[in-house]
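Please look at the sequence and the structure shown below, and follow the briefing with both in view.

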Amino acid sequence: MERKLIIDQLIAEQRKVIQSLQRSVHQYETASDLDEESTHDPEDFSHQTEAKDMQLRFEKMLAGAEEILKFLASEENSSHSIIERGSIIETDQSFFFVGISVPVFTIEGKEVISLSEKTPVFTELKGKAVGDRFKVGSSNHIIKAIA
């Protein structure tokens, strides 16, 4: 299993999320920075307030995304022997990464599915070992390795 390759791809995906959030923060920051001297319409002030609220929301999301990136970076040289946050589970069909949720991508001809510890799938996976079976949707999986 190519743990480092999977983690590197997850980091790349997370960086895309961060870049998108940074653009949104900048967009709303610009929209909320009206010249109050030249603005006389009360509706303009309302839009300014809405833009500032959105800017703050995106800043909070950005901070969370940056924490996830730090988590992923800390996982680059780690390994796991049990299913927990940061572990990669190789099955006969796919790889599963526990800890974040990004779009599915492919490594070594298998899909990499990332999931949060708050998902029902993680609840089913927790406590399983190599050789155990589990079901995701209509697909049955056999655990081949945990890293």
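Helices and strands are taken here as DSSP runs, numbered from the N terminus, where a helix is a run of H or I with at least four residues and a strand is a run of E with at least two. The model is a predicted one, in which local features need pLDDT of at least 70 and side-chain atom pairs count only at pLDDT 80 or more, while totals for chains, interfaces and linings use all residues. Residues are numbered from 1 along each chain as its sequence is written, and side-chain values use heavy atoms, with hydrogens and water left out.

- H80 is found in the loop that runs between α2 (42-75) and β1 (88-91).
- Is H80 buried or exposed? With a relative accessibility of 11%, H80 counts as buried, because buried means under 20% relative accessible area, exposed means over 50%, and partly exposed lies in between (1.4 Å probe, protein chains only).
- A polar contact is a pair of N or O atoms within 3.5 Å; within protein, one must be able to donate a hydrogen and the other to accept it, and residues adjacent in sequence count only if both atoms are side-chain atoms.
- By that rule, the side chain of H80 makes a polar contact of 2.7 Å with the side chain of E75, and another polar contact, of 2.6 Å, joins the side chains of H80 and E84.
- When neighbours within four places in sequence are left aside, H80 is in contact (heavy atoms within 4.5 Å) with R3, E75, R85, G86, S87, I146 and A147.

**The sheet**

- Six strands make an open sheet with mixed pairing, in the order β3-β4-β2-β1-β6-β5, where two strands pair if DSSP finds at least two bridges between them.
- β3 and β5 (133-136) stand at the edges with a single partner strand each, so one side of each has no neighbour in the sheet.
- β1 pairs with β2 in the antiparallel sense over three bridges, and the two form a hairpin with two residues between them; I88 stands opposite F97 in β2.
- β1 also pairs in the antiparallel sense with β6 (residues 139-146), again over three bridges, and in β6 the bridge partner of E90 is A145, while that of T91 is I143.

**The nonpolar cores**

- A nonpolar core is a set of buried Ala, Val, Leu, Ile, Met, Phe, Trp, Tyr and Cys residues joined through side-chain atoms within 4.5 Å.
- The largest nonpolar core has 21 residues, and those with the most contacts inside it are I6, L10, L72, F97 and I100.
- The elements that give two or more residues to this core are α1 (3-32), α2, β2 (94-98) and β3 (105-107), and α1 gives the most, with seven residues.
- L72, once its neighbours within four places in sequence are left aside, is in contact with I7, L10, I11, Q14, F97 and I100.
- In α1, the buried residues include R3, I6, I7, L10 and I11.
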